[in-house]
Amino acid sequence: MSSVVDSSFLNTSFLNNGIELGYLIAASLFIVGLKRLGSPATARRGNWVAAGGMALAIALTLLHPTAMNFPLIIAGIALGSVIGVISAQRIEMTAMPQMVGLLNGLGGGASTAIAVAEYSRLLRIGETPTLQNLITTLLSILIGGITLTGSLVAFGKLQGLIGGAPTIFPLQRALSITLIGLFLGGSAYLIGQDASATSIFWATLGVSLILGILFTIPIGGADMPVAISLLNSFSGLAASAAGFVLMNNMLIIAGALVGASGIILTQIMCRAMNRSITNVLFSSFTTKVPRGTTAGAAAPSDRTVKTLDSEEAAMMLGYAQSVVIVPGYGMAVAQAQHTVRELADHLARLGVDVKYAIHPVAGRMPGHMNVLLAEANVPYPQLYDMDDINSEFEHTDVALVIGANDVVNPAARHDEQSPIYGMPILEVDKAHHTIVIKRGLNPGFAGVENALFYEDKTMMLFGNARDVLAELVSSIKQL
């Protein structure tokens with residue numbers, strides 16, 4: 001009998017050690033995948049490496065010697081996989097930020113559900129949650145709840161289901177502070193008095209969900225990419241907290257990686273806009289003048305712009321020695337990336353040196369332009385970051401701006417009253433000539449009039465980006 005017990009113990013111990021070793025391999029794959037995501041040339045392989053790590057982690061978890069409802073788990077994996085594949089295939093690239101926001105929310109919701117399920121399980125079997133378990137459970141529902149509802153609000157704003165302007169109402173900050181106090185008070189009661197007080201537990205969960213809404217609604221559409229990046233970090237922290245609830249090392253590590261990378265990305269975006277994270281999150285509480293108003297700025301009717309047609313633009317581009325293409329959200333909306341690639345190919349055939357200038361926050365999420373251009377098979381060596389390309393604009397014959405706005409606005413350099421003052425921009429106004437393709441003179445996400453449109457060296461080419469670019473390609477073919 002003793003030998004049977006010893007054999008069973010050894011087998012279980014060997015299996016647990018094997019699972020933990022496999023988790024270490026999966027974590028290594030996550031790190032390698034994140035590293036490869038840092039470059040457009042390796043990003044696709046990085047996704048596959050990280051996905052392989054996740055598949056390994058899931059398989060190892062299913063081998064864990066604990067009671068599991070395998071049919072239900074397999075059904076959940078199958079359903080989630082089908083939904084994920086269909087969503088990934090059908091989603092438009094312009095809607096990718098909304099999808100990221102939604103996935104952030106689902107991650108936070110999953111972590112919250114894990115914490116609630118574990119708390120309920122312990123009470124159901126008559127056990128009182130330990131101090132460590134209770135603290136991590138409360139952290140999980142706080143961060144996960146904020147991530148869930150906050151991400152849903154962000155999704156609604158980007159999708160146009162909710163107004164993109166900041167939503168402010170009287171005593172909003174006081175309400176948020178009061179709710180935080182209620183959560184802390186309820187947590188203190190559960191930890192110090194009665195861990196089985198389910199009504200208090202559910203109340204703290206409700207408070208966290210409301211806090212998520214109040215966290216996101218004051219953030220305007222221009223700052224929503226930063227909010228999504230921060231919520232992505234929150235989803236990782238919530239997952240890590242859920243890992244402590246379940247004592248699962250893989251969940252702890254994966255959540256920590258997502259949380260850390262999300263914070264780093266948020267800092268990069270804030271630096272690209274020359275703003276602090278607190279300014280992005282809380283400026284709407286203190287701003288007395290609406291964003292987008294610029295003291296002393298002339299109204300559009302006070303100034304005129306120079307225009308040209310597609311044939312004139314084609315002549316300028318075709319006979320230039322160097323052209324820098326600056327893609328923006330207008331290109332994404334028009335789904336014009338393939339036409340851009342075609343235009344660049346024809347220019348290269350004529351001997352024109354073509355490069356692409358990518359601003360860190362162009363579009364609605366970091367890397368948005370890189371992903372679109374990669375979809376069109378634009379060669380990676382032609383893509384240049386802002387820091388690398390800005391010094392070359394002075395020697396560039398034509399800068400072709402396609403739907404970009406705030407990221408090329410010279411007011412960021414010289415207008416101290418502008419909301420975007422100090423924001424690093426692509427200095428297209430220093431090129432010998434600048435052609436801007438836009439539907440009209442409307443401001444960008446920041447709501448600021450673009451001084452570039454009225455520069456002497458700037459010429460506007462109005463129209464839908466894809467239609468205008470198609471006309472340019474047709475005209476350049478005649479050269």
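Me: Lys 477 first: what's its relative accessible area?
Reply: Lys 477 has a relative accessible area of 46%, so it is partly exposed. Here buried means under 20% relative accessible area, exposed over 50%, and partly exposed in between, with a 1.4 Å probe and protein chains only. Keep in mind that this is a predicted model, where local features need pLDDT of at least 70, side-chain atom pairs count only at pLDDT 80 or more, and totals for chains, interfaces and linings use all residues. Residues are numbered from 1 along each chain as its sequence is written, and side-chain values use heavy atoms, with hydrogens and water left out.

Me: Where does Lys 477 sit?
Reply: In the segment after H17. Helices are DSSP runs of H or I with at least four residues, strands are runs of E with at least two, and both are numbered from the N terminus.

Me: And what does Lys 477 touch, sequence neighbours aside?
Reply: Beyond the neighbours within four places in sequence, Lys 477 is in contact with Glu 342, His 346 and Arg 349. Contact means heavy atoms within 4.5 Å. Lys 477 and Arg 349 are 128 residues apart in sequence, with their C-alpha atoms 9.9 Å apart.

Me: Which residue does Lys 477 pair with in a salt bridge?
Reply: Glu 342, with 3.9 Å between the closest N and O atoms. That pair ties together distant parts of the chain, 135 residues apart: Glu 342 is in helix H13, and Lys 477 comes after helix H17 (465–476). A salt bridge here needs a side-chain nitrogen of Lys or Arg within 4 Å of a carboxyl oxygen of Asp or Glu. Glu 342 is partly exposed, at 33% relative accessibility.

Me: How many salt bridges does that rule give?
Reply: The count comes to 6. One of them joins Arg 341 to Asp 345, with the closest N and O atoms 3.0 Å apart.

Me: How far apart are Arg 341 and Asp 345 along the helix?
Reply: They are 4 residues apart in helix H13 (residues 337–349), so about one helical turn separates them. Arg 341 counts as partly exposed at 22% relative accessibility, and Asp 345 is also partly exposed, at 38%.

Me: What about Glu 118, who's its partner?
Reply: Arg 121, with the closest N and O atoms 2.8 Å apart.

Me: Is Glu 118 buried or exposed?
Reply: Buried, at 12% relative accessibility. Arg 121, on the other hand, is partly exposed at 32%.

Me: Switching to the surface. Which residues make the nonpolar patch?
Reply: Met 54, Ile 58, Phe 70, Ile 74 and Ile 77, with about 410 Å² of accessible area together. Helix H2 (43–62) and helix H3 (70–90) are the elements that give two or more residues to it, and H3 has the largest share, with 3 residues. Ile 74 lies in H3 and is partly exposed, with a relative accessible area of 45%. Patch residues need over 30% relative accessible area and no salt bridge, with nonpolar side chains (Val, Leu, Ile, Met, Phe, Trp, Tyr) joined within 5 Å and like charges within 9 Å. The areas come from the Shrake-Rupley method with a 1.4 Å probe, and for residues only the protein chains shown count as cover.

Me: And which residues form the negative patch?
Reply: Asp 309, Glu 311, Glu 312, Asp 467 and Glu 471. Helix H11 (310–318) and H17 each supply at least two of the residues. Asp 467 is in helix H17 and counts as partly exposed at 47% relative accessibility.

Me: Now inside. Where's His 359?
Reply: In the loop between strand S3 (353–358) and helix H14 (368–375). His 359 is buried, at 3% relative accessibility. Its contacts, leaving out neighbours within four places in sequence, are Ala 272, Met 386, Val 407, Met 423, Pro 424, Ile 425 and Leu 426.

Me: Last one: how many helices and strands in the whole chain?
Reply: 17 helices and 7 strands. Buried residues make up 45% of the 479 residues, and the C-alpha atoms fill a box of roughly 90 × 55 × 35 Å along the principal axes.

Technical notes
Lys and Arg count as positive and Asp and Glu as negative; His and the chain ends are not counted. The place of a charge is taken as NZ of Lys, CZ of Arg, CG of Asp or CD of Glu.
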